Amino acid sequence: MGEKLNKLKKIKKVKNIRFHHEGINTLIYSAMILIAIGVILWRSFDSHIPFYVFAVIFGSIWCVVLNFFRCPIRRFPQEDTDNLVIAPADGHVVVLEEVMEDKYFHEKRKMVSIFMSLWNVHANWFPIDGTVKMVKHQNGHFHKAWLPKAAEENEMTDIIITTPDGRDILCRQIAGAMARRIVTYAKEGDICYIDEHLGFIKFGSRVDLFLPLDTEIKVTMGQSTTGNQTIIGILK
């Protein structure tokens, strides 16, 4: 298993994406609509003030959406990723505690939650090398993502990944009050690795990690994280 992962990491290619493909259609179609309305406003009034007001307000909104869908090219800087758990998302740590995980593991786990605001990159990365053991989507509510009940009641997708030495970790994508679409690229049986996209969540959300109790945690409450760069912990 370890040799196969190393071989894949040598031949894999990271796509040259500056803006995430999940947002390309949104950006193109919204830009076309805004341009069309702008042309109509420019030609319909003797004064160009309505056009300028429209351009400033909706141009700013479009730029916010453009910023949201940016997708920087990142590679984890270390060659040796054995036993490392890497941040699956940009954001900041809002939960760092021991919890009883009764849904799958039925044992205590260390839970690390990363909240993504509207201003963060919303691409999600695989936090460890391994094999995707399970992918399960659950419909639910859209509570604010940083609330405790969001981890149980919100729409979410659970991904369990098995490391080469047989340990399971749970990575959970959670929709928020604004995020109404979770996109998950992980498929059961896939070999996965750090540097590869796990999925994408649109417009504000959170990602939870449930790690073994003996994991050495390397982040603190409130700390900012960078997806595919920040070390969350070390598996023993």
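Start with the largest nonpolar core, which has 26 residues. Such a core is a set of buried Ala, Val, Leu, Ile, Met, Phe, Trp, Tyr and Cys residues joined through side-chain atoms within 4.5 Å. Buried means under 20% relative accessible area, exposed means over 50%, and partly exposed lies in between (1.4 Å probe, protein chains only). V85, F126, I161, L211 and I232 touch the most other members of this core. Strands here are DSSP runs of E with at least two residues, helices are runs of H or I with at least four, and both are numbered from the N terminus.

This is a predicted model: local features need pLDDT of at least 70, side-chain atom pairs count only at pLDDT 80 or more, and totals for chains, interfaces and linings use all residues. Residues are numbered from 1 along each chain as its sequence is written, and side-chain values use heavy atoms, with hydrogens and water left out.

Look at F126 in more detail. Residues up to four places away in sequence are not counted here. F126 then touches V132, I161, A186, C192, Y193, I194, E196, H197 and L198. Contact means heavy atoms within 4.5 Å. One of these partners, I161, is itself among the core residues that touch the most other members.

Which strands form it, and in what order? Three strands form an open sheet in the order 4-10-8, with antiparallel pairing. Two strands pair if DSSP finds at least two bridges between them. Strand 4 (123-125) and strand 8 (182-184) stand at the edges. Each has a single partner strand, so one side of each is left without a neighbour in the sheet. Neighbouring strands are turned by 20 degrees against each other on average, direction ignored. The axes behind that angle are lines fitted to C-alpha atoms, for helices over the stretch in contact, and angles run from 0 to 180 degrees between N-to-C directions. Strands 8 and 10 run antiparallel and are joined by three bridges. I182 stands opposite I201 in strand 10.

Now turn to D90. D90 sits in the loop between strand 1 (84-86) and strand 2 (91-101). Is this aspartate buried or exposed? D90 is buried, with a relative accessible area of 7%. Its side chain makes a polar contact of 2.7 Å with the side chain of R74. A polar contact is a pair of N or O atoms within 3.5 Å; within protein, one must be able to donate a hydrogen and the other to accept it, and residues adjacent in sequence count only if both atoms are side-chain atoms. The D90 side chain also reaches the backbone nitrogen of G227 at 2.5 Å. Leaving aside neighbours within four places in sequence, the contacts of D90 include I114, F115, M116, N120, V121 and W125.

Side chains of opposite charge can pair when their charged atoms come close. A search of the whole structure finds nine salt bridges. A salt bridge is a side-chain nitrogen of Lys or Arg within 4 Å of a carboxyl oxygen of Asp or Glu. R74 and D90 form one of them, at 2.7 Å from N to O. This pair links distant parts of the chain, 16 residues apart. R74 lies in the loop between helix 3 (49-68) and strand 1. R74 is buried, with a relative accessible area of 14%.

K103 and D158 meet in another salt bridge, at 3.1 Å from N to O. Here the two residues are 55 apart, with K103 in the loop between strand 2 and strand 3 and D158 in strand 6. K103 is partly exposed at 34% relative accessibility, whereas D158 is buried at 0%. K103, D158 and R172 are linked in a network of salt bridges.

K218 and E216 also meet, at 2.8 Å from N to O. K218 is partly exposed at 43% relative accessibility, and E216 is partly exposed at 32%.

Finish with the backbone. H106, a residue other than glycine, has a positive phi near 55 degrees. H106 lies in the loop between strand 2 and strand 3 and counts as exposed at 53% relative accessibility. N228 is not a glycine either, and its phi is positive at about 65 degrees. N228 lies in the loop between strand 13 (224-225) and strand 14 (231-234), and counts as buried at 0% relative accessibility.
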